[in-house]
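Subject: Structure for you to look at

Hello,

Here is the structure I promised to pass on. Please open it first, then read my notes below.

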Amino acid sequence: MNLKPLVNDKTLYESFLAEIKGRIKVAQSSLEQVESTQRVFVAQGEIKALRKLLQLREKVNQGDQSG
């Protein structure tokens, strides 16, 4: 799978980031409202995964430099 078109298209990537940031806000709101420890862990995992997507451009472009 080639992610370069996504991460190097400024308009598309900014829209992607806005979507991810919006989902992080929703997940953080959910985290504030959960009552069980298990649900806290699930919400934290979701937020962690979404934050990793915020670093997608660096990860994809870093792959070019190591090869």
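Arg23 is partly exposed, with a relative accessible area of 48%. On this scale, buried means under 20% relative accessible area, exposed means over 50%, and partly exposed lies in between (1.4 Å probe, protein chains only). Arg23 sits in helix α2.

A word on the source. This is a predicted model, where local features need pLDDT of at least 70 and side-chain atom pairs count only at pLDDT 80 or more, while totals for chains, interfaces and linings use all residues. Residues are numbered from 1 along each chain as its sequence is written, and side-chain values use heavy atoms, with hydrogens and water left out.

Now the helix pair. Helices here are DSSP runs (H or I, at least four residues), numbered from the N terminus. Helix α2 covers residues 10-33 and helix α3 covers residues 37-54. They pack at an angle of about 165°, with axes 9 Å apart. Axes are lines fitted to C-alpha atoms over the stretch in contact, and angles run from 0 to 180 degrees between N-to-C directions. The two helices are therefore roughly antiparallel, a term for angles over 145 degrees. α2 passes α3 in a left-handed crossing; that is, the near helix is turned anticlockwise from the far one by less than a right angle.

Which residues make the contact of α2 with α3? From α2 they include Tyr13, Phe16, Ile20, Arg23 and Leu31. From α3 they include Val40, Ile47, Leu50 and Leu54. Contact means heavy atoms within 4.5 Å. The contact residues divide into 13 nonpolar, two polar and four charged. Ala, Val, Leu, Ile, Met, Phe, Trp, Tyr, Cys and Pro count as nonpolar; Asp, Glu, Lys and Arg as charged; the others, Gly among them, as polar.

Next, the core. The largest nonpolar core has six residues: Leu6, Val7, Tyr13, Leu17, Leu56 and Val60. Such a core is a set of buried Ala, Val, Leu, Ile, Met, Phe, Trp, Tyr and Cys residues joined through side-chain atoms within 4.5 Å. α1 (4-8), α2 and α4 (56-66) each supply at least two residues of this core.

Asn2 is found in the segment before α1 and is exposed at 55% relative accessible area. Asn2 and Val60 are 8.9 Å apart, C-alpha to C-alpha. Glu32 lies in α2 and is exposed at 69%.

Best wishes

Note on methods:
Parallel < 35°, antiparallel > 145°, perpendicular 65-115°, else oblique.
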